[in-house]
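Visitor: Could you take me through this chain, with attention to its charged side chains and its surface?

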Amino acid sequence: AYGDRESSQSMIGMDNSRGPVYAEVTATQARILNFTKTTNSGLPLEGISFDLFYIAPMKDYLSGKIDLPEPEDCPHDALAEYTVITDNAGKATMNFTQHGLPDGIYLVVERQHPAIVAPIKPFYVFMPAMNAQGTGYTYEISVYPKNEVKGNIKIEKDVTSIGNNDSTVN
């Protein structure tokens with residue numbers, strides 16, 4: 001037949017038999033660190049930067065090969081490997097898997113910002129972290145650091161309708 005593959009082409013080294021195909025597929029759980037940055041009263045803080053420094057592989061810590069100093073005493077480079085900045089909802093996310101960062105221990109250092117009195121103390125993040133039951137690991141970690149802010153914060157409110165700041169109740 002005209003246009004038929006077998007009549008118009010010869011397939012060198014191929015036949016119509018089927019054989020098993022072997023492949024190894026490795027699925028990786030995404031490693032994600034979420035920040036939700038607020039004031040002490042719960043208002044979101046935008047533009048707050050967190051620097052991330054890789055400190056050591058998890059296996060070195062678990063085997064006792066290294067000891068971790070207090071986070072504020074942990075030596076680290078002046079220039080962070082990665083920085084995340086909170087958005088207008090006070091949220092920031094670092095996807096370790098997407099950026100090719102290894103599992104291990106990371107130092108998180110908050111940068112000074114004009115709106116806050118002082119940054120929170122540095123802290124460690126273990127990626128992945130042991131789950132609450134102690135039976136496995138969690139690969140998505142969320143932290144909720146809070147700050148005291150400078151000056152007076154004015155909270156806007158709308159009661160019953162936009163622009164109305166007063167209302168009564170029966």
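Guide: Accessible areas here come from the Shrake-Rupley method with a 1.4 Å probe, and for residues only the protein chains shown count as cover. This is a predicted model, in which local features need pLDDT of at least 70 and side-chain atom pairs count only at pLDDT 80 or more, while totals for chains, interfaces and linings use all residues. Residues are numbered from 1 along each chain as its sequence is written, and side-chain values use heavy atoms, with hydrogens and water left out.

Visitor: What percentage of the accessible surface of the chain belongs to carbon and sulfur atoms?

Guide: The accessible surface of the chain comes to about 12200 Å². Of that area, the part belonging to carbon and sulfur atoms is 51%.

Visitor: Which pattern does the chain follow when read along the sequence?

Guide: Helices (H or I, at least four residues) and strands (E, at least two) are taken as DSSP runs, numbered from the N terminus. The chain has two helices and eleven strands. Read along the sequence, their order is α-β-β-β-α-β-β-β-β-β-β-β-β.

Visitor: How many salt bridges does the count come to?

Guide: Side chains of opposite charge can pair when their charged atoms come close. A salt bridge is counted where a side-chain nitrogen of Lys or Arg lies within 4 Å of a carboxyl oxygen of Asp or Glu. By this rule, the number of salt bridges is three.

Visitor: Is Arg31, which forms a salt bridge with Asp103, buried or exposed?

Guide: The closest N and O atoms of Arg31 and Asp103 are 2.8 Å apart, and the pair links distant parts of the chain, with Arg31 in the loop between α1 and β1 and Asp103 in the loop between β5 and β6. Buried means under 20% relative accessible area, exposed over 50%, and partly exposed in between (1.4 Å probe, protein chains only). Asp103, at 32% relative accessibility, counts as partly exposed. Arg31 has 13% relative accessibility, and therefore counts as buried.

Visitor: What is the relative accessible area of Lys37?

Guide: Lys37 forms a salt bridge with Glu110, the closest N and O atoms being 3.0 Å apart. Glu110 lies in strand β6 and Lys37 in the loop between β1 and β2, so the pair ties together parts that are 73 residues apart in sequence. Glu110 is buried, with a relative accessible area of 5%. Lys37 is also buried, and its relative accessible area is 0%.
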